[in-house]
Amino acid sequence: MSDIRNIVILTGAGVSAESGLATFRGPDGLWEGHRVEDVCTPEALARNPDLVHAFYDARRAKLGEVQPNAAHHALARLDAEWPGELLIVTQNVDDLHERAGATRLLHMHGELKSALCAACGTRRRWEAPMGDRPPCPACGKPRLRPDIVFFGEMPYQMERIDAALGRCDLFVSIGTSGAVYPAAGFVRTARHYGAWALEMNLEPSAGSIYFSESRMGPASELVPAWVKEVLGDRLA
Ligand code: OAD
């Protein structure tokens with residue numbers, strides 16, 4: 001590993017599972033009987049805004065009850081100490097990576113603690129519920145929606161992600177089922193450009209065959225051990 005300079009890390013719901021946040025496709029992955037695909041669409045927001053707001057208001061409120069776990073802390077340490085390029089691309093809309101101290105981080109599926117005004121397009125930090133339709137502080141219209149990339153919408157910062165994938169020597173995927181594109185395709189892009197690809201997950205993901213190496217187990221154990229390995233190799 002000593003010839004590695006640039007790292008891209010993709011994280012999914014599995015990295016936050018041990019903090020107490022439910023994954024999407026696990027046995028507890030339904031929300032009051034709704035599949036995530038039925039709640040997280042522009043059509044669902046138009047058809048049943050109360051349901052969509054209730055879903056995200058509950059998830060935003062839950063953030064106050066959970067803490068980053070050992071996997072988030074280990075990634076934040078790697079971010080702080082890695083001298084080469086590093087980018088943590090998270091599909092998660094929670095704030096546990098940044099609360100652990102990660103800074104080279106982007107939220108490709110948006111953030112629970114951000115509001116997007118459907119009337120004027122303004123995005124801003126937002127911690128309160130939206131179900132009671134508060135007015136947008138910029139334009140005054142009661143059209144705030146969660147700043148979350150719904151199914152059918154374009155994920156954020158794809159150009160930056162593609163550029164980082166094209167330059168990385170190591171691509172690492174942690175706690176994601178590989179069911180949702182474009183994130184599920186990142187491993188193939190990284191391999192195409194010559195990167196080594198490591199997967200860490202409880203079980204093989206949908207795209208497991210594309211990885212150079214797979215480690216199966218809980219993120220809170222696998223990730224700190226791997227970060228130690230990577231940083232240790234640099235010191236050796
Ligand atoms: P999923 O719920 O699809 O997958 C979570 C993965 O984490 C599964 O493969 C689990 O086996 C694994 N896992 C669970 N606990 C783990 C642990 N303690 N350690 C390691 N792995 C563990 O979640 P994502 O792949 O993140 O999109 O889902 C992708 C997207 O689908 C989400 O970002 C979300 C959803 O629709 C939006 O909200 C836009």
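In this predicted model, the side chains of Arg125 and Glu111 form a salt bridge, with 3.0 Å from N to O. The two residues belong to distant parts of the chain, 14 residues apart: Arg125 is in strand β5 (residues 123–125) and Glu111 is in strand β4 (residues 110–117). Their surroundings can be compared with the cut-offs for accessibility. Arg125 has a relative accessibility of 53%, so it counts as exposed, because the exposed class begins over 50%. Glu111 has a relative accessible area of 19% and is therefore buried, since buried means under 20%.

Side chains of opposite charge can pair when their charged atoms come close. How many salt bridges does the count come to? The count is 14 salt bridges.

Arg77 is partly exposed, with 38% relative accessibility. Glu81 is also partly exposed, at 44% relative accessibility.

Another salt bridge is made by the side chains of Arg167 and Glu85, at 2.9 Å from N to O. Arg167 lies in helix α7 (residues 158–167), while Glu85 is in the loop between α5 and β2 (86–90), so this pair ties together parts that are 82 residues apart in sequence. Arg167 has 44% relative accessibility and counts as partly exposed. Glu85 falls in the partly exposed class too, with 36% relative accessibility.

Which residues are linked in a network of salt bridges? The network consists of Asp95, Arg99, Lys113 and Glu127.

The next topic is the aromatic rings. A search of the whole structure finds three aromatic pairs. In one of these, the ring centres of Phe55 and Tyr56 are 4.8 Å apart and the planes are at 80°, so the pair is edge-to-face. The reason is that planes over 60 degrees apart count as edge-to-face. Are these two residues buried or exposed? Phe55 counts as buried, at 5% relative accessibility. Tyr56 is buried as well, with a relative accessible area of 1%.

Phe171 and Phe211 form an aromatic pair of another arrangement: the rings are stacked, with 6.3 Å centre to centre and 25° between the planes. Phe171 is in strand β7 (residues 170–174) and Phe211 is in the loop between β8 (196–201) and β9 (213–216), so the pair ties together parts that are 40 residues apart in sequence. Both Phe171 and Phe211 are buried.

Ring pairs also link Phe55 and Tyr56 with Phe150, and these residues make up a cluster.

Rings and charges meet as well. The charged end of Arg123 sits over the ring of Tyr156, at 4.1 Å from the ring centre. Arg188 lies over the face of Tyr210, and here the value is 4.3 Å from the ring centre.

Note on methods: Residues numbered from 1 in each chain as written. Predicted model: local features only at pLDDT ≥ 70, side-chain atom pairs only at ≥ 80, totals over all residues. Heavy atoms only, no water. Salt bridge = Lys/Arg side-chain N within 4 Å of Asp/Glu carboxyl O. Buried < 20%, exposed > 50% of the residue type's maximum accessible area, 1.4 Å probe, protein only. Helix = DSSP H or I, 4+ residues; strand = E, 2+ residues; numbered from the N terminus. Phe/Tyr/Trp six-rings, centres within 6.5 Å; stacked < 30°, edge-to-face > 60°. Lys NZ or Arg CZ within 6 Å of the ring centre and 35° of its normal.
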